[in-house]
Amino acid sequence: MIGGGISGLACAFRLRANGVDVEVLERDGTPGGVMRTRLEDGFLTEAGPNSFQSGEEILSLVHDAGLDADLLRADSRLPRYVYFGGRLHAAPMGPGALFGTKLLSFGAKVRLFREPWVTKNPDGHEESIREFVTRRFGPAVHDVLIAPLVSGIYAGDTSRLSMQSVFPLMAELEAKHGSLLRGFLRHGKARRAEAKAAGRTIPKKALCSFSNGLGVLPARLAERLGGDLHLRSEVMALRSHPGGFAVDVREAGVERTLDASRLVIATHAPRAGDLLCTLGPSTPVPSECCATADVLRAIEMPPLASVCLAFRKADVGRALAGFGFLVPRGSGVRMLGCIWSSSLFPGRAPDGWILVTCFVGGATDVAVRDLSDAQVVDSVRADLVRTLAIAASPRVLAVNRYAAAIPQYTLGHRDRMATVRRAISRVPGLHLTGNYLGGVSVGDCVRQAYETASEVIRDAEVSVAAAR
Ligand SMILES: Cc1cc2nc3c(=O)[nH]c(=O)nc-3n(C[C@H](O)[C@H](O)[C@H](O)COP(=O)(O)OP(=O)(O)OC[C@H]3O[C@@H](n4cnc5c(N)ncnc54)[C@H](O)[C@@H]3O)c2cc1C
C-alpha cells in the first residue's frame, strides 16, 4: 500500500481484517495524510477535514477500530448560514423553508417551484453543475445556494465541474423521473418502503468527529497496523516482474527495494500518475500506463488555505450558534466559508473562547498560492469584520496551506476515470484507491478503499485458483 492517508489506511485495515498480509509505505512522519488534528493550550484544530458525514462504510470502520465511544455527532438542528446582501441568512434546509427564505426573491421562488415542468436534458449529454442547476431551478438558486455549497465541499468552480461526476444521483433522478423534486420524492418513498420490507430503519445522516478530533481515526488505524506501517518511507519508483512488483523506497534517507505480489497506489492523483509512469515500461501495457499517468497528472487540484482563529467570547458581539456560513462568489468577501468549530463539537476551545476555521482559495481563487501566511490571515480578518463584525485581534492558531487540495471532477471526469480503471485492470496485481475515483469526502474515500480491498481479495482468489 503506497500512501497512509485515510484511503490507504482504511484499505490496508480492511485487507488485514480479511487475512491479507499488507505493508503500508507512508512518506510523512505521521499517518493520516491531510487528516490531521492539533492540540495546543486547550484548542483543538483540524488541518484538513473538520468532520465527516455518517455513512455505512465509515461508521463500520469507526466501529471496527473501537472508536464508537469517541464518536461525536453534530446537532443537525444547528443552522447553516449563507452570507448574502451584506448579512447572514439561515440556509433553507427543506422544501418548506424555501418558501420563507430571504435568499431568493419571489420570482426566483416561482422559478424554483416550476422545476417539475422543466424539460429534461434531451440527449443526456454531460452538463456542468452551473448549466444543470440553472436550467432546472433558475440562476438565483445556482448562485446563492448551490455554488457556495459546492465551494464548501470541492473548493470548485460550478461552471467547470461535471454534474454527472459530482452529483450522479441527481443527474440520474432527472433522467429517470424528468424532475428532481419528483425524483427525490419517489426515491425517498422507494427507500423507505425497501427499508420497511427489510425490517430496518434508515439511519439519520449526521456530521461526525471524535472527542479528540479526526486525527484519532488514522492514529488508531496506524496503531492496529503496528510494524506493518512504515513512516518516512517514500516510494520513488516501481517495476513490474512476473511474480509481482519491485518497489524502490527511500526510508529515512536510505534506499531499499521491497518485493510485493500486489500493489495498491493510495496517493493523490498526480503522485499516482508519477508512480505509474515509472512502472509503465516494465508492464505488458506500457503505452496505456503512460496515457493513464498523464490523465491522473492532469487532474486539477487547486490550492487552498485554512486558517484557525480563536477569539475571546467577550470580543465577539454575537453568539456563534450554528455550523458556520458559506459565501457566494461576487459578494465582496474573499473567503469561501467559515466553520464555527467550537459550536459544532464540544471540546474545541477552552471556556471563554470561540474557535473558527476559515477557508480561502480553491478553483475560483488560485491566486491564494501567491499570498504569504500573514496576508491570508489579514484577508480572513477583513472578511470576519465584514461578515460577523468581529474587529478584535484573534489568536492565530494555525494557517494550513495546500498547494494541491481537492481533485476537481471537471467535465469528462467520469469517462476519464473509466478509462483509467480499464487500463489499470490490464496490469496484473495493480490497484488504485483515492479521492479522485468515487467522491472526495472522507466517507467516499473509505467506501472506495473498501471496494479496492474487495478487488484485491477477488484478484488474489482468482490467482490462487489459476495456480491450482
Ligand atoms: C483542507 C481540506 C478540507 C477538507 N474538508 C473535508 C471535510 O470537512 N469533510 C470531508 O469529508 N472531506 C474533507 N476533505 C476531503 C478529504 O479530507 C480528502 O479527500 C481525504 O482525506 C483524502 O485522503 P487520501 O488518503 O485519499 O489522500 P491524502 O490524505 O492526500 O493521503 C495520501 C498519502 O499518500 C502519501 N504519499 C504521497 N506520495 C507518496 C509516496 N511516493 N510514497 C509514500 N507515500 C506517499 C502522502 O504523504 C499522504 O499521507 C478536505 C480536504 C482538504 C484538503
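1. The second largest pocket holds about 380 Å³ of space. A pocket here is an open set of points on a 1 Å grid over the protein atoms alone, with protein on both sides within 12 Å along at least five of seven lines, and lining residues have an atom within 4 Å of a point. Grid points are joined across faces, edges and corners, and a volume is the space filled by probe spheres set on the points. The lining comprises 17 residues, of which Asp-21, Val-22, Glu-23, Ala-260 and Arg-262 lie nearest the centre of this pocket. Two or more lining residues come from each of β12 (254–260), β13 (263–265) and α16, and β12 gives the most, with three residues. Helices (H or I, at least four residues) and strands (E, at least two) are DSSP runs numbered from the N terminus.

2. On the basis of the model: this is a predicted structure, in which local features need pLDDT of at least 70 and side-chain atom pairs count only at pLDDT 80 or more, while totals for chains, interfaces and linings use all residues. Residues are numbered from 1 along each chain as its sequence is written, and side-chain values use heavy atoms, with hydrogens and water left out.

3. The domain assignment gives domain 1 (6–35 + 215–300 + 410–467), domain 2 (37–54 + 67–76 + 204–213 + 302–405) and domain 3 (92–197); such bounds come from an automatic or database assignment. The C-alpha centres of domain 1 and domain 3 lie 35 Å apart. Seven residues of domain 1 are in contact with 10 residues of domain 3, contact meaning heavy atoms within 4.5 Å.

4. The largest nonpolar core has 38 residues, and those touching the most other members are Met-1, Ile-6, Phe-52, Leu-61, Phe-210 and Leu-217. Such a core is a set of buried Ala, Val, Leu, Ile, Met, Phe, Trp, Tyr and Cys residues joined through side-chain atoms within 4.5 Å. Buried means under 20% relative accessible area, exposed over 50%, and partly exposed in between (1.4 Å probe, protein chains only). Two or more core residues come from each of α1 (6–17), α2 (56–64), β8 (207–210), α10 (216–225) and α16 (442–467). Helix α16 gives the most to this core, with eight residues. At least three residues are drawn from each of domain 1 and domain 2.

5. Beyond its neighbours up to four places away in sequence, Met-1 touches a set of residues including Cys-11, Leu-15, Val-24, Leu-25 and Val-264. Leu-25 belongs to a second, separate core of 29 residues, which also includes Val-285, Ala-293 and Leu-430.

6. Tyr-409 is placed in the loop between β18 (395–402) and α15 (413–425). Tyr-409 counts as buried because its relative accessibility is 2%. Its side chain reaches the backbone oxygen of Asn-435 at 2.7 Å and the backbone nitrogen of Gly-439 at 2.8 Å. These are polar contacts, that is, pairs of N or O atoms within 3.5 Å; within protein, one must be able to donate a hydrogen and the other to accept it, and residues adjacent in sequence count only if both atoms are side-chain atoms. Leaving out residues up to four places away in sequence, Tyr-409 also touches others, among them Tyr-154, Arg-160, Ser-162, Ser-165 and Gly-438.

7. Glu-126 sits in the loop between α4 (106–113) and α5 (129–137). With a relative accessible area of 28%, Glu-126 is partly exposed. The side chains of Glu-126 and Ser-162 are joined by a polar contact of 2.6 Å. A polar atom of the Glu-126 side chain also lies 2.9 Å from the backbone nitrogen of Gly-412. Apart from neighbours within four places in sequence, the contacts of Glu-126 include Gln-164, Ser-165, Thr-410, Leu-411 and His-413.

8. Asp-444 is a residue of helix α16 and counts as buried because its relative accessibility is 18%. Not counting residues up to four places away in sequence, Asp-444 touches Gly-438 and Gly-439.

9. The largest cavity has a volume of about 60 Å³. Among the residues lining this cavity are Leu-44, Asn-50, Phe-345, Arg-348 and Thr-357. The elements giving two or more residues to the lining are β3 (43–46), α13 (341–344) and β17 (353–361), and β3 gives the most, with three residues.

Notes. On a 1 Å grid over the protein atoms alone, a cavity is a set of points where a 1.4 Å probe fits but cannot get out, and a pocket is an open set with protein on both sides within 12 Å along at least five of seven lines; lining residues have an atom within 4 Å of a point.
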